[in-house]
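Please look over the sequence and the model below before reading on. The paragraphs that follow begin with single positions and then turn to the protein as a whole.

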Amino acid sequence: LCVCHHYFSFSPTDAKLATCSDDGTIRIFDFLSCTEEFLLRGHGADVKCIHWHPTKNLLASGSKDNQQPVKLWDPKMGQSVCTIHAHKATVMDVKWNGNGNWLATASRDHLIKLFDIRTMKELWVLKGHKKDVNTISWHPVHESLFASGGSDGAILFWMVGNGREIGGMESAHEGFVWNLSWHPLGHLLCSGANDHTCKFWCRNRPGEELKDKYNSFHNPFFVGDEMDTSYQLPGMGSGM
């Protein structure tokens with residue numbers, strides 16, 4: 001029997017490793033001794049993604065299971081803490097914000113949702129992708145900024161508090177965007193896609209317009225042939 005492992009995530013101390021797979025399970029390993037500590041069962045279908053909380057013993061997982069799409073786990077006790085009924089389709093990615101309070105989820109229902117775990121309430125439902133949303137990546141410096149990648153080949157940028165994307169490239173790739181990762185300083189974004197390419201995206205140089213083949217007329221800040229410069233992506237705009 002071949003089991004596909006979809007994702008892995010290290011604990012904040014790097015001492016533990018969590019993996020998930022399409023057998024519906026999550027496994028917790030002690031990284032130093034290379035031994036399995038817990039086998040977590042609770043999802044009724046493939047577990048597509050997991051992410052360890054940045055400071056706490058708390059693990060989030062997303063699944064193909066429409067009845068239990070997102071679950072939170074206590075990896076120390078090996079038990080489920082709660083279920084979040086976030087989406088009506090497969091959850092492709094879950095990502096904790098660096099502040100530890102917000103959890104973002106991405107799904108094949110074309111939606112991104114943001115939850116505050118302090119109140120266990122849904123804060124935002126974000127619509128912008130025309131197809132499945134496969135991946136999310138929070139900016140390492142600007143707390144409220146994150147990027148998302150979809151099956152439509154698009155990469156979109158979002159700011160918590162805005163109901164729509166604040167920028168993006170509709171044709172960043174010619175295939176599904178599977179993964180996004182920021183440079184630790186936040187000035188570069190790397191994307192990996194089904195078109196067999198990895199691309200590195202950087203902010204424009206001082207005085208240089210964003211109007212290129214990836215941005216022209218697809219950026220919401222272009223009005224006609226002109227760009228509205230009243231807003232810039234933090235860490236990705238001109239000047240600083």
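In this predicted model, Asp-14 lies in the loop that runs between strand E1 (5-10) and strand E2 (16-21). The backbone at Asp-14 has a phi near 65 degrees, which is a positive value in a residue other than glycine. With a relative accessibility of 48%, Asp-14 counts as partly exposed, because that class covers values between 20% and 50%.

His-110 is placed in the loop between strand E10 (102-107) and E11, and although His-110 is not a glycine, its phi is positive, at about 75 degrees. The relative accessibility of His-110 is 32%, so this residue, too, counts as partly exposed.

Is Asp-116 buried or exposed? Its relative accessible area is 7%, and Asp-116 is therefore buried, since the cut-off for that class is under 20%. When its neighbours within four places in sequence are set aside, Asp-116 is in contact with Asn-101, Trp-102, Lys-121 and Leu-123.

Turning to the whole chain, the protein has 21 strands and 0 helices. Of its 240 residues, 48% count as buried, while the protein exposes about 12000 Å², of which carbon and sulfur atoms supply 53%. Among the contacts between residues at least 6 apart in sequence, 39% join residues that are at least 24 apart.

Methods. Residues are numbered from 1 along each chain as its sequence is written. This is a predicted model: local features need pLDDT of at least 70, side-chain atom pairs count only at pLDDT 80 or more; totals for chains, interfaces and linings use all residues. Side-chain values use heavy atoms; hydrogens and water are left out. Buried means under 20% relative accessible area, exposed over 50%, partly exposed in between (1.4 Å probe, protein chains only). Contact means heavy atoms within 4.5 Å. Helices (H or I, at least four residues) and strands (E, at least two) are DSSP runs, numbered from the N terminus. Accessible areas come from the Shrake-Rupley method with a 1.4 Å probe; for residues, only the protein chains shown count as cover.
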